[in-house]
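Thanks for making the time, everyone.

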Amino acid sequence: MARVCVMMMAMAMAMAMNIAMGDPIAPCYFIFGDSLVDSGNNNRLTSLARANYFPYGIDFQFGPTGRFSNGKTTVDVITELLGFDDYITPYSEARGEDILRGVNYASAAAGIREETGRQLGARITFAGQVANHVNTVSQVVNILGDENEAANYLSKCIYSIGLGSNDYLNNYFMPVYYSTGSQYSPDSYANDLINRYTEQLRIMYNNGARKFALVGIGAIGCSPNELAQNSRDGVTCDERINSANRIFNSKLVSLVDHFNQNTPGAKFTYINAYGIFQDMVANPSRYGFRVTNAGCCGVGRNNGQITCLPGQAPCLNRDEFVFWDAFHPGEAANVVIGSRSFQRESASDAHPYDIQQLALL
């Protein structure tokens, strides 16, 4: 398939380069985010936002792990491309010197705002994830034996942050549970999110982070769940939601530029997940996709009214679906997004660096 030809070649070339070098091109990879990259942190929480059951993980070598995908997530793909020989451990399981490879702090339903996702139960908010990272940093200092040694080590690591989706999906556009939609305009809400986001980035910087990849929000209005609820024809995306997402992304780009101009020794970049996703939907055959508006596993219209249920039989042609369930891309789409985040295919994929360039700076 075209997707395999284009993306697998890029992955193979980058991985071959890393293997030839013998070590990952960054010593560690710290991941902050939501269900798009959660690898099991929610498994032990009292939460409806969990994916540690079959058929999640049906195509993953370790089966259901808590990943909201049939297989790899975008950060799993990036982890491979960075040259690591194993995936980054979730914070709930990270012990001892394993943390020197990095930690995945992501938590399904988490948002930038503290209250986001509360109707789904327990989750680790962005501030909570950063607090967990501060705890990790103190452990790194203990392992390496010296604050300067730890600072030097951490300065070479990649820190990827992908949050904000739930602040729209499970907050701003959910008036039954939240009042933010009536309290804020889309512009003022994005400003509030960016201000909170900035506070957490400063804490990370003050704890040694120097190489930041800020991942933009995807086109949430095109998810099977939103199409099922708000699309007349089941195909046309909800522009009201996508417009709000673009406002946030635009401010995130400005934040990257601001930090790059005003933060000594640090490098920030923006990953354009929205644009990469739009390209997959606009040109599906190029990547081997046939279905862009329905989940491979789910219930109801667009397989998006209820997400993938325990024991449910998913579609058989999973690589032909952009979406795995009502909200999340499948492994095939994650390979595209992860590959283009690591090594941009077009200038618009990342600004000003892709993750490979960021690692080598």
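Predicted model: local features only at pLDDT ≥ 70, side-chain atom pairs only at ≥ 80, totals over all residues.

Let me begin with Cys 237, which at 27% relative accessibility counts as partly exposed, where buried means under 20% relative accessible area, exposed means over 50%, and partly exposed is what falls in between, with a 1.4 Å probe and protein chains only. Residues are numbered from 1 along each chain as its sequence is written, and side-chain values use heavy atoms, with hydrogens and water left out.

Cys 237 is joined by a disulfide to Cys 222, with an S to S distance of 2.1 Å, and a disulfide here is a pair of cysteine sulfur atoms within 2.5 Å. The link of Cys 222 and Cys 237 is right-handed, with 115° about the S-S bond. What does this pair tie together? Cys 222 sits in the loop between β3 (211-215) and α8 (224-230), and Cys 237 in the loop between α8 and α9 (239-262), so the bond connects parts that are 15 residues apart in sequence. When I name helices and strands, I mean DSSP runs numbered from the N terminus, helices being H or I with at least four residues and strands being E with at least two.

Cys 297 and Cys 308 form another disulfide, with S to S 2.0 Å, and that link is right-handed, with 65° about the S-S bond. Cys 297 is in the loop between β5 and β6 and Cys 308 in the loop between β7 and β8, so here the parts held together are 11 residues apart in sequence. Both Cys 297 and Cys 308 are buried. If we number the bonded cysteines of the protein chain in sequence order, the pairing reads 1-2, 3-4, 5-8, 6-7.

Staying with β7 for a moment, that strand contains Ile 306, which is partly exposed, with a relative accessible area of 43%. Leaving aside residues up to four places away in sequence, Ile 306 touches Gly 298 and Val 299, contact meaning heavy atoms within 4.5 Å. The C-alpha atoms of Ile 306 and Phe 277, which are 29 residues apart along the chain, are separated by 22 Å.

Now to the helices. Helix α3 (residues 126-144) and helix α7 (residues 186-206) pack at an angle of about 5°, with their axes 10 Å apart. That makes α3 roughly parallel to α7, since angles under 35 degrees count as roughly parallel, over 145 as roughly antiparallel, 65 to 115 as roughly perpendicular and the rest as oblique. The axes are lines fitted to C-alpha atoms, for helices over the stretch in contact, and the angles run from 0 to 180 degrees between N-to-C directions. From α3, Phe 126, Ala 127, Val 130 and Val 134 meet Tyr 197, Gln 200, Ile 203 and Met 204 of α7.

Helix α5 (residues 165-172) also meets α7, their axes coming within 11 Å and crossing at roughly 125°, which makes α5 oblique to α7. On the α5 side the contact is made by Asp 167, Tyr 168, Asn 171 and Tyr 172, and on the α7 side by Pro 186, Tyr 189, Ala 190 and Leu 193.

How many of the residues of α5 are buried? The helix is mostly covered, with eight of its eight residues buried, and these buried residues pack against α6 (180-183), α7, α8 and α9.
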